[in-house]
Amino acid sequence: MEVEKTNKPMYEQIYNDLCERIAKQHYREGDRVPSEKELADSYNVSRITSKKALELLANDGLIVRLPGRGSFVRKETDQEKQPATKPTAQKDMNRLLIGLVMTDFDYSYGTHIVHGVEEAAREHECFPIIRRTMGVVENEVKAIKELLQLGVDGLIVFPAQGKYFNEEILKLVINKFPLVLIDRYFKGIAATSISTDNVQATKKAIRYLFEIGHRHIGLISPPPIDTTAIEERMDGFIEGYDEKGLAVNKALWATDLTSTLPNAFSQENIRRDIEKVKEHLKKNPKITALFAVEYNLALIAKKAIEELQLKIPEDISIISFDSPEFPLQDAYLFTHLKQQEKEIGRKAVENILKMKTHSSVSPKQLLDAELVIGESTTHVKK
């Protein structure tokens, strides 16, 4: 299918095309939309890209994805079809508004954080308002300003960057506005944060790989310049080796993969990263296992290994952070570290409520991650 030449990532172009078709009723309520494979073939992209486009449609409530059946245009409920009541500028003073600013969320990470926020808000009779930034700092600044203008009582922020905080966040901290950072934190700034204990989780993964005989373990990640989470996972990797009295060989690391960064998730970048991983494995044939700091990089590693005519896990094992656990036809469960996403969302709301009542809140809260054994790891081949 021909698409307009633009700098937008392919998944966003596909998303926009499908949105337009739904708006023009090319696809009506209840109609099936093309599958991941059909979209991948039609637009000449990978299934990672087409999957991302469908996830965005599902997250925006335009389609419903039914495992084993496909994706369908969502039907409006009777309540949604009722005329809107007259708006009012005066909010219900007994109900708190909580702003949630996310880089993005999909099936691999983030969706359950939103679920946790929604569940906790419902229990405590609050109203969450969600804004996505797509990892762009300017969008984050705008979202925070708009939510404050709406009169939110607290903000939960998944920062666009992990090292360089924007001025609006600094203002919130200085003014002691109820603020909770999730997934990452800022060094040198006294803001409450909730995230996974990335160091201990990664050590758990490395211990497991050692137990099944692996010693030459590679690491693949984006450049660790924008997020404390990736830095911590690298630290946990090193500490896992230290526990065994072994030195890490950083020549086995590939930390220049960029296709999973915000606004870089394009077919061209994905292909480039697959080739990078292939070259890395060719140059380091003694690697028997790869540690991927995030799920989409595990998918890229899997594709690269398969293109090298190697088998997973017989030739190379893969372990990652996160792996969706739902019964899709083509689902592949990596051995992974399962984060407590829903609990992160719930705790964030509860902390906002504590701040509103001036109760004490721990400044940095770390949650454990569970090691889930999947299909992608096995003992080293003798």
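Residues are numbered from 1 along each chain as its sequence is written, and side-chain values use heavy atoms, with hydrogens and water left out. Since the model is predicted, local features need pLDDT of at least 70 and side-chain atom pairs count only at pLDDT 80 or more, while totals for chains, interfaces and linings use all residues.

**The chain as a whole**

The protein chain holds 12 helices and 15 strands. Those elements are DSSP runs numbered from the N terminus: helices are H or I with at least four residues, strands are E with at least two. Of its 382 residues, 50% count as buried. Here buried means under 20% relative accessible area, exposed means over 50%, and partly exposed is in between (1.4 Å probe, protein chains only). The accessible surface comes to about 18900 Å², with 49% of that belonging to carbon and sulfur atoms; areas are from the Shrake-Rupley method with a 1.4 Å probe, and for residues only the protein chains shown count as cover. Take the contacts (heavy atoms within 4.5 Å) between residues at least 6 apart in sequence: 72% of them join residues at least 24 apart.

Two strands pair if DSSP finds at least two bridges between them. S2 and S3 (residues 70–73) run antiparallel and are joined by 4 bridges; Leu 66 stands opposite Gly 70 in S3.

**Two nonpolar cores**

A nonpolar core is a set of buried Ala, Val, Leu, Ile, Met, Phe, Trp, Tyr and Cys residues joined through side-chain atoms within 4.5 Å. The largest one has 67 residues, and the members touching the most others are Ile 14, Ile 220, Phe 237, Leu 290 and Phe 291. Helix H11 (residues 295–307) gives the most to this core, with 8 residues. There is also a second, separate core of 23 residues, with Leu 100, Ala 120, Ile 194 and Leu 353 among them.

Leaving aside residues up to four places away in sequence, Phe 237 touches Thr 202, Ile 206, Ile 217, Gly 218, Leu 219, Val 248, Trp 253 and Phe 291.

**Helix H9**

Phe 237 is also one of the buried residues of H9, along with others including Ile 230, Glu 231, Glu 232, Arg 233 and Tyr 241. After H9 comes Gly 245, with a positive phi near 70 degrees.

**Salt bridges**

Side chains of opposite charge can pair when their charged atoms come close. A salt bridge here is a side-chain nitrogen of Lys or Arg within 4 Å of a carboxyl oxygen of Asp or Glu. A search of the whole structure finds 26 of them, including these:

| Pair | N to O distance |
|---|---|
| Asp 41 and Lys 37 | 3.0 Å |
| Lys 342 and Glu 119 | 3.3 Å |
| Glu 119 and Arg 346 | 3.7 Å |

Asp 41 and Lys 37 are 4 residues apart in helix H2 (residues 36–43), so about one helical turn separates them. Asp 41 is exposed at 53% relative accessible area, while Lys 37 is partly exposed at 47%.

Glu 119 bridges to both Lys 342 and Arg 346. The bridge to Lys 342 links distant parts of the chain, with Lys 342 in helix H12 (residues 341–356) and Glu 119 in helix H5 (residues 111–123), 223 residues apart. Arg 346, also in H12, is 227 residues from Glu 119. What about cover? Lys 342 is partly exposed at 34%, Glu 119 is partly exposed at 28%, and Arg 346 is buried at 15%.

Finally, salt bridges that share partners join Arg 271, Glu 275, Lys 278, Lys 303 and Glu 307 into one network. Lys 278 lies in helix H10 (residues 267–283) and is buried, with a relative accessible area of 11%. Not counting residues up to four places away in sequence, Lys 278 touches Arg 271, Ala 304, Glu 307 and Leu 308.
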